[in-house]
Amino acid sequence: MFRHTKAVLEKLRNVRLQGQKLSWRQRSTAVEEKTLHYIAGQQIHGFTVKEVVAVPDLFLTAVKLTHDKTGAQYLHAARDDANNLFSIQFRTTPMDNTGVPHILEHTVLCGSKKYPCRDPFFKMLNRSLSTFMNAFTASDYTMYPFSTQNGKDFQNLLSVYLDAVFFPCLREQDFWQEGWRLENENPTDTSSPLVFKGVVFNEMKGAFSDNERVYAQHLQNKLYPDHTYSVVSGGEPLAIPDLTWQQLKQFHATHYHPSNARFFTYGDLPLEQHLKQIEEEALSKFERINPNTQVPSQPRWTSPREDHVTCSPDLMAPDPSRQNTLCVSYMLGDITNTFEAFMLSMLSSLMTSGPNAPFYKALIEPKIGTDFSSVVGYDGSTKEASFSIGLQGMAEEDTEKVKHIIHQTIGDIIEKGFEEERIEALLHKLEIQMKHQSTNFGLSLASYIASSWNHDGDPVELLQINNSVAKFRQALKENPRFLQEKVQHYFKENTHRLTLSMTPDDSYLEKQAKAEEKKLQEKINALSDIDKKEIYEKGLQLLEAQNKTQDASCLPALKVSDIAPTIPVTPVHMSDVGCVPVQFCEQPTNGLVYFRAMCSLNTLPEELKLYVPLFCSVVTKMGCGSLDYRQQAQQMELRTGGMSVSPQVISDCTDLDMFEQGVLLFSSCLDRNLPHMFELWRDIFTSPHFDNEERLRVLVMMSAQELANGISYSGHMYAMTRSARHLTPAGEHHETFDGMEQVRFMKRIAEMSDLTQVTRMLPRIKKHILNPDNMRCAINATPQQVSKSATYLESFMKDVAANRKHFKAVRPNIIKRPLDVLSDSGPSRKLVHEPNFHPCYMKTFFQLPFPVNFVSESVRTVPYSHEHYASLCVLARMMTAKFLHGVIREKGGAYGGGARMGGGGLFSFYSYRDPNSVQTLSAFQKGVEWAMSGQFSQQDIDEAKLSVFSSVDSPVAPSSKGMSVFLSGLTDEMKQHHRERLFAVTHKNLLDVAERYLSAGHKTCGVSILGPENDAIKKDPSWVVK
Ligand SMILES: [Zn+2]
């Protein structure tokens, strides 16, 4: 994977804590306390302890160590959290665009000395209960993290990871498969033309089909032109074919060495055990080297620069005549200065985030562009941080105007500063983020400290966030103009700034295709007949290797018997508050209260349905009661952890033709803010300001832009949603709310010159949705806060009692399901039943300006409670791991592909960033034939089961506990029943369900492809082309 790291605040958003469950459960603080017993200077398994620091705000103890012989650095964060994490990162600083660190990241995972089988990384996905496994290439480091809740699994994965990074095979064949190669288009046919293939080659072509990515990449390359940041670490597609296998091995030798490594471990497993294993299996085999990978400071410019780039036109853009991007980017200070970096990320939020920010007022509200550019804000992923400000979706003639506004706004900020309340709101947000408990805390920490630590910043200092907050408050107290002076220094007087514009070029894709063709011809012209013969033979060898049955027995594995036979029970209780049913779930939420309300859409007239997502995205942002939208945003930041509304389509667990449709309200707050949070909801219920057309237009533009930008990233989701559209009634609603239909609808709305029609719809929708008659609520809080929450919820219900209206349901068949499984007579969920629904077969193609495809086929099968459901879950995993991955990714060159069984009873095949289109559909079919042939072993089945369980048992945050029963009526008993069925799945069961539901004559399916112009599909009348 290749990623562009975001700003510190973005990362802080992920620093959510497992929290103070100790005081709640009355457990001992054994893990953190025990770790405090380490002392500086102590030697353990070849390491020396440098520092031991308690970080009470994050409930952890940090231990910093160094490896004596090699100089490898190590940080351990001991915390009472069973979701243990390991990560190793190397400083990787490429000096060309061949993508060498990225291709290396892929190839080291293709087999190693101790684990020489092909692709141990992907194989471990099925031999472990990992909660996370991945690898990332950033601009200047490469990171390999995993997490698991099982101690044995941790050791297994650690062994595989260590061997992969330090002793990889790096076979030539791995390099061809993952990097690039010339090969006959059809490898078995010498007369078929030679083409470029390779996983990273295609991945980067896909990545560069995203205009926002193209822009961000150019911006970084041009703002830091003198060293490693001037190149594309992921690889420029046309430079990738310049990399040789020798260069790849050389890069490994110099960069993947303990002297250039940083180890991070997190969780409740003992540190000694980790150190011992790391020393024995890896570090003891190395001597210290001088890796020489430091990134020098970027020399400062003495005068600002301007530059310009082009991109492909976006057919989905809300306004085709406005597709320019323009930003001014400032180089700031060194990210290893922890406080300065913290202050700058706070300052950046104050300047840009939310409707009260000066840049929002100056750039977004005049509607010069559709939204901020995605690079806007603080970015701490390079050695010197940067701040960027500017717009996307603007007209070329507005360029000077935008530059002027940016300049002017900086001047205004220096003059006026920021309101104290906004600073408080921001610090409150940080407090909530630190208290909120997430399930992947270890991973958030690893990525939070990665960049600064990579340049020898102090990771422990970074963890002490409250020290930075205190210092920040102190600085503001001592000097009221503190922030204004910083703006003066970092922005007004900063000569190292770049103004970069991007305009679409109609012939962009054509030029790219030509350049690729030229590169290909150059390579081909240099080949002798012998070379061509060799290419053909190598192609066949690769194909043969890919076709060979894999022996993975060298890899460690958990057994099915290592999986817990029963699930932990989550107690909830139902009650009635102000005539509305409420579910309470007591959880160690660390002082936060989580509120949800599900509002049914059963009475909403059909013609308003398409507007529901729009309603949801604006209803908390238009202002309410006595607050205008700015004041409302401010209050939400000051008093809550956010308030959101989202459309829901929930399939029934027992019947595919039944579903619930609704809208989910969600918010959280510190317990002291409960009354304020409910006052905000009250005002949204009773007096939202829907009539502000100007405000609505800004919000519409932003959501349309966001939807359009998301397609190249989530194309497989859109393809799956579309292929399922005509298979179940719920599938149809999904397409309406989350599919391409919604994307196109929002584009149409964004293009309307007059939005009065829309502003008239919103109050009509509100009458049906924000209606206590159609509502049920859920509260997750600590036991102490439950009754207090109930009291405030009750007075909220009184306040909105006037909204209670009884409307008739639009669809005739409404089925009631009790909310409380123990009482049939109590309150119920109301599901729409369409007993006469006829699924139909439909093939849809969306032509989009991407060089790659997203392919999907969905098949209607059975609901969750059906006896075959578990077998279908296991089958999907097994087909993915044992067949589809090989055919679609390894041979086909797609970034990803597989099958999944969804809760709505749909078995879906998909491919992601795929150079092939209709060929992939036949790969799906071959997968079914493979399954029906029964050529899989008990080991294959057990691996698929492990993989299913690792997702079934993935940790659930206290804020989300009890949600499956609240939203879907899925009880612990049903889950336990499903679990037992999963354990029981046999070889015969898998054959049966493959035959019964997926075989050509039997299946009820739909197909969809998103991709570039496709002649074969155009000529084939069985396709609907959109
Ligand atoms: Zn990748």
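Biologist: Where is leucine 170 found?

Modeller: Leucine 170 sits in the loop between α6 and α7 (172-178); helices here are DSSP runs (H or I, at least four residues), numbered from the N terminus. Bear in mind that this is a predicted model, where local features need pLDDT of at least 70, side-chain atom pairs count only at pLDDT 80 or more, and totals for chains, interfaces and linings use all residues. Residues are numbered from 1 along each chain as its sequence is written, and side-chain values use heavy atoms, with hydrogens and water left out.

Biologist: What makes leucine 170 count as buried?

Modeller: Buried means under 20% relative accessible area, exposed over 50%, and partly exposed in between (1.4 Å probe, protein chains only). Leucine 170 has 5% relative accessibility, so it counts as buried.

Biologist: And aspartate 456, why is that one called partly exposed?

Modeller: Its relative accessibility is 48%, so aspartate 456 counts as partly exposed. You'll find aspartate 456 in the loop between α16 (441-454) and α17 (459-463).

Biologist: What is phi like at leucine 170?

Modeller: Positive, about 50°, although leucine 170 is not a glycine. Aspartate 456 also has a positive phi, near 70°. Most residues other than glycine have a negative phi.

Biologist: Why are α15 and α23 called oblique to each other?

Modeller: Angles under 35 degrees count as roughly parallel, over 145 as roughly antiparallel, 65 to 115 as roughly perpendicular, and the rest as oblique. The axes of α15 (residues 420-435) and α23 (residues 629-639) cross at roughly 45°, so the two helices are oblique. Those axes come within 7 Å.

Conventions
Axes fitted to C-alpha atoms, helices over the stretch in contact; angles between N-to-C directions.
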